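Subject: Structure for your review

Dear colleague,

Please find below the structure that I am handing over to you. My notes on it follow directly after.

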Amino acid sequence: MIGAVDFSKDLDFWQQDRWNGFFPVKLHISKDIPNGELWHILLENNDNKPVTYCRDTQEVKLKRGLEMLTIFKDFTAKTSLLDDFTFYEEQEKSLRARKSIETVSPKIENPRNTAYQKQVDAGVKRAEEALIKASDPQYITRFSCQKPLYQCSELKPVY
């Protein structure tokens, strides 16, 4: 780390949007070291879990840190993270494309599957059945009233 943390910067490369900030670093050496090489180093300040179980930014005490640095220095790397850089770039492009598609067209639940829509469909079906019955002469009933309809308190069917 070669500078202070700047919390006003958002670099938009985290998979989750819950982190922000930036600090400059200078990489002197980049090596892939298998977890098995560091497995035996236990951290007292993290419930004696192996260092490989710790999160980024976990504090490592001096003795354990020197042990890790010795392994890091002595380990002969056959691969490098930089060898896979193209793979990670493609993965990042794919993730960004998916995020942009989700923000442009969010997943919409099929309105035909909602409880409300099912109730509407049932009501429409009942209305259609009532309309069919109303057009059938067998179900037509006539009412007699000598006054305007709004003044009729009792309607009597006429057969």
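Tyr-88 is partly exposed in this predicted model, with a relative accessible area of 40%; here buried means under 20% relative accessible area, exposed over 50%, and partly exposed in between, with a 1.4 Å probe and protein chains only as cover. The model is predicted, so local features are reported only at pLDDT of at least 70 and side-chain atom pairs only at pLDDT 80 or more, while totals for chains, interfaces and linings use all residues. Residues are numbered from 1 along each chain as its sequence is written, and side-chain values use heavy atoms, with hydrogens and water left out.

Aromatic pairs

Two aromatic pairs are counted, under the rule that the ring centres of Phe, Tyr and Trp (its six-membered ring) lie within 6.5 Å; planes under 30 degrees apart count as stacked, over 60 as edge-to-face and the rest as tilted. Trp-39 and Tyr-53 form an edge-to-face pair, at 5.5 Å centre to centre and 70° between the planes. This pair links distant parts of the chain, 14 residues apart: Trp-39 lies in the loop between H1 and strand S1 (42–43), and Tyr-53 in the loop between strand S2 (49–50) and helix H2 (62–74). Trp-39 counts as partly exposed, at 45% relative accessibility, whereas Tyr-53 is exposed, with a relative accessible area of 52%. Phe-87 and Tyr-88 form an edge-to-face pair because their ring centres are 5.2 Å apart and their planes stand at 75°.

Overall architecture

The protein chain contains four helices and four strands, where helices (H or I, at least four residues) and strands (E, at least two) are DSSP runs numbered from the N terminus. Along the sequence, these elements follow the pattern α-β-β-α-α-α-β-β. Of the 159 residues of the protein chain, 11% count as buried. The chain exposes about 14400 Å², and carbon and sulfur atoms supply 56% of that area; accessible areas come from the Shrake-Rupley method with a 1.4 Å probe, and for residues only the protein chains shown count as cover. Among contacts between residues at least 6 apart in sequence, 34% join residues at least 24 apart, a contact being heavy atoms within 4.5 Å.

Nonpolar core and surface patch

Which residues make up the largest nonpolar core? It has eight residues: Ile-33, Leu-38, Ile-41, Leu-43, Val-51, Cys-54, Ile-71 and Phe-75. Such a core is a set of buried Ala, Val, Leu, Ile, Met, Phe, Trp, Tyr and Cys residues joined through side-chain atoms within 4.5 Å.

On the surface, Met-1, Val-5, Phe-7, Phe-23, Val-25 and Leu-27 form a nonpolar patch with about 650 Å² of accessible area together. Patches are made of residues with over 30% relative accessible area and no salt bridge, like charges being joined within 9 Å and nonpolar side chains (Val, Leu, Ile, Met, Phe, Trp, Tyr) within 5 Å. Phe-7 is found in the segment before helix H1 (35–38) and counts as exposed, at 56% relative accessibility.

Asn-46 sits in the loop between S1 and S2 and counts as buried, at 16% relative accessibility. Not counting residues up to four places away in sequence, Asn-46 touches Cys-54 and Gln-58.

Salt bridges

How many salt bridges does a search of the whole structure find? The search finds six, each defined as a side-chain nitrogen of Lys or Arg within 4 Å of a carboxyl oxygen of Asp or Glu. One of them joins Glu-44 and Arg-64, whose closest N and O atoms are 2.9 Å apart. This pair links distant parts of the chain, 20 residues apart, with Glu-44 in the loop between S1 and S2 and Arg-64 in helix H2. Glu-44 is partly exposed, with a relative accessible area of 46%. Glu-44, Arg-64 and Glu-67 are linked in a network of salt bridges.

Glu-59 and Lys-61 also meet in a salt bridge (3.6 Å, N to O). Lys-93 forms another with Glu-90, at 3.8 Å between the closest N and O atoms; both lie in helix H3 (residues 85–104), three residues apart, about one turn of the helix. Lys-93 counts as exposed, at 52% relative accessibility, while Glu-90 counts as partly exposed, at 46%.

With kind regards
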